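Hi there,

Here is the structure I promised to pass on. My notes on its cavities and salt bridges follow below.

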Amino acid sequence: MSETRRHRTVFREHTHKNCSLQKQYRLATEECSWICHTKFAGLSSPAASPTDGAGHPAADIGRAPPKELGVHRSALRLALLSAASLLTFAHPAMSAQPPSGAIAGHVMGVKDSKGLAGAAVRIRENGRTAKAGADGSYALGDLAPGAYTLVVTAANGAETETRVAVKAGETTAQDLSADNKTTALEEIVVLAQRAPQALARSAQKEAPNLVVIQTYQEIRKLPDVSTAEAVRRVPGISLETDEGEGRYVNIRGLDADLNSTTFGGLRLPPTNNASPFGGYRAVTLDSIPIGLVGAITVTKSNLPEQDAEALGGTIEITPKTAPRGGEPFIQGNIGSGYEPLRNTPITDVAVTAGAHFGGASGFLSPGPFSIVVTGTYYEDKRGIDDVEPAYFNDPKGLGARPYSAISDLQQRDYELNRKRHTLGIDLGYQPDDNNSWYLRAFEAGYTERYKRQILELVPDGNAALLPNGQIVDTLQAANAAGQSTAILKSLRDEAETSTDRVFVAGGKNIFDKAVLDYRVGFTEGTYHKPYDVNSTFAYTPAPAAATITYAPTGPGHVPLYTIGGATYADPANYQLVNLVNGKADNFDKELSFAGNLQYPLAVWGSDESLKVGLSARLRHKRTTAQPLSYANLTTLPLAAASSTPPERYYRGLYQNGPDIIPGFLQNMFGPGQVAASDQLSADQQYLDVKENVYAGYGEYRVTLGRLGILAGVRVEQTDDRSTAFALVRDATGSQVANPVRASNNYVDFFPAVQLRYEIEPDLIARATYSSTIARPGFNQSTAAESIDLGSGIVSEGNPNLKPARANSFDISFEKYLGGSGIISVGFFYKDISNYIVANSIGTRVVQGVLLKDFTFANANGSYARGVELNIDEKFLMLPGLWSGLGVSANYTYVDSQFEIRPGEKSPLPSSSKETWNAALYYEKGPVALRLAAYSTSADLFAIGGDKTSDVFNATRTSMDIGASYKVNPNWVVYFNAKNLLNTPHAFYQGTADRPIQREFYGQTYQVGARFDY
């Protein structure tokens, strides 16, 4: 038996069994430790002396007493025993406490099984630490019986976790392993959902480029339901919301169509075509629940090894995986909640379980195989109160009508039932440290039932300003049948399903020096709309003397009004005048292949390597839609199709009248039929595109003293082909759909240089250059039209569009603090050529619905530049309970520009000048509290014919709270509250005093319990 093994064996059998002084009263002086260990072990001194969190020797078996004490052994022993007797007599309750235990062992590297000197061992539950000695030995004493999580941090910042049980009066022998070869970035992938924030900070620190990492452990501290809501906490990120939830993410002022989203390294295709600027490339991140996420990494300066299609940046979602260690685990949550706006419930359930198996002692014993299964379900029934005015486009002070004169007012009362789900499986095989393979399959998405009740008022345009500041107009317009076109009731009853699927197989092999990794993957985004029924009832007969008197005096300048000459809330006064239906089925799928080879070099400096790779992405997208009509509609009064009493909404400010019964008209008239005009419309909306991107790159990395250098170039060849239909007139003058085909083929080079300088071990300076691309959206570059009745937009493509390209420059300084804190400042500049812009070309009526018409063009002179500030600090220096306080805040300023119209400059679409996050938190013992606020300033949402018709997303500020209490090591109860400020989702046209949409949702409250075994 080796000397070290003999020390550990005797230590385990004898240490502290009779030393009640040290166990019960924590008199852990060096002399007492020496007395106990010498009396009961009788061993020689080990090679090194690890310490516990208090700085005392923890396993100094057989050491001579410290000379500086200057006290004889027996005299000191007598003094300590006397003191102990007095303490016991004075405090009899203390003697009744259960004896404490200890943990001791060695920290060893997983590659060579050698002791890792200097590795830090920390107990997650109480913060106690120990530092491994020269041979990797460590010890932690004076522990209450129970289960503990040991976190090992290797010298390279990588962390691993191990669960250990401590018994009363015993020392648990536990050897620990740490990967002293892999990087913290690689550890994020391995540990995934169990990765602590300290590991994320280490990965961010050692990365050659600019990245920000959020771990699942951090994300779940706030009530963020989807990936979009979690990512908005990152510096430089702003969020586009829809239906009360975050949906699209903008990075440094560049809209979601221009950014990349990947899952486990594979590009995710979009499910929904309705991206803010019609590029059809933006991923709807509200369809990816947090329960599927192990970690999120936002890349702001692209590496040659990454896809270049990331003009703003890349959002990488790391799936949950089986951590090393062999122990099976299960974690998740069981929760519920309440949304008071419609008094509706929430269901929130998630579970992830995994294990290693296939060991030598049996198939179910820990071994080289691993499996992780994930499932989540989240359902809410959110209500939305919305008011949407529209205005006569008369320039302020120049038109014949008052500036605030409205041309339309829609009172929208929504009811949404969304069911979000996730299913996933991760299979792994790692027979040794040098070879590993994996197989993954995931599905995430939602099904939604969407009901929108509308009362619409369409003033005639005879607006006049009254002396009291109010505006008066008439509501008398009628059609040929004598039915009002100025007072309408309607319902949109729609269902849709959006789904993302990912299938990937790959592996990694480490040879003598080289590292080879490879994968083949398939991703698919699908959108299915089985019905979209829009019905309209008109006031019949049209009133002869109806008027509307209003003023913009409501919340956020929405108009409050009175109506004279019409009893608009009475359903007996309305008849059915229009009924249309529609179906849609879209898919966007991609087959991809990638391989990378990294080879270490030893020419100029340390950590020197050359990395090369090849990849291919074969993408196929198809969009289909089928409008349906109803011929010879029978006369139907609204009274026969409504049931509820007149409804007041929007804090009681508006009267909507009775609701139309969802499903009633479908049951009466059926799904509809395909008329000749419907088929032409369907042909116009058809789009079939194949886009293949082939890439290769070379990337050189070296460390010269304190300077890290990464340089390389990526080459991408793009080959796309599209088929669509355009309407033309035949010889008889009739409209027919003719196929239109287009193709493009081009090659791009993307150089990059990333410099990292270590001013001090915890102070990093960076200077980077990277280049990226944003290819035109599929609908932007085709001759087909895209019609979205729900959003009220029709877009016409431009086959002559060029892709946008950017050269990006970054300078940053990062100071890493204790407790996973950071202070950083960064400056960025993006020079953009051929920025793609949507230009308004008027309006048109499709299926009885007035739509805004857009086309696309390239703009010159575009850029985005700005500064990012970030701080996250836990006040560990404060005494006692106060040391749990912490603060986190970040601020981003973006100055951007593009040519919005010939000769006219504007900030980039979706570019908010200012975005900030702030959080005050407390984390100490079992208690965790976090109050967080998010705010972003107004941004350009839609481009009109002039400044007065441009549409802006208004400034929005929201606040959330997350609170939890750890009942025991395995269970945590939590309470969350979202949208405490009841932040409205508002848009305005031209200036902030002309709102065109202002909807709010109320608060969301969540309660539940999390478990982790």
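**Cavity and salt bridges**

The largest cavity holds about 420 Å³ of space. A cavity here is a set of points on a 1 Å grid over the protein atoms alone where a 1.4 Å probe fits but cannot get out, with lining residues having an atom within 4 Å of a point; the volume is the space filled by probe spheres set on the points, which are joined across faces, edges and corners.

This is a predicted model, where local features need pLDDT of at least 70, side-chain atom pairs count only at pLDDT 80 or more, and totals for chains, interfaces and linings use all residues. Residues are numbered from 1 along each chain as its sequence is written, and side-chain values use heavy atoms, leaving out hydrogens and water.

Of the 25 residues lining the largest cavity, Gln214, Arg233, Asp872, Ser888 and Arg930 lie nearest its centre.

The whole structure has 57 salt bridges, each a side-chain nitrogen of Lys or Arg within 4 Å of a carboxyl oxygen of Asp or Glu. In one of them, Glu388 pairs with Arg412, with the closest N and O atoms 3.5 Å apart. Glu388 is buried at 13% relative accessibility, and Arg412 is buried too, at 11% (buried means under 20% relative accessible area, exposed over 50%, partly exposed in between; 1.4 Å probe, protein chains only).

Arg805 and Asp748 also meet in a salt bridge, at 2.6 Å from N to O. Arg805 is partly exposed at 26%, whereas Asp748 is buried at 7%.

Best wishes

Key. 1 Å grid on protein atoms, 1.4 Å probe; cavity = no way out; pocket = protein on both sides within 12 Å on 5 of 7 lines; lining within 4 Å.
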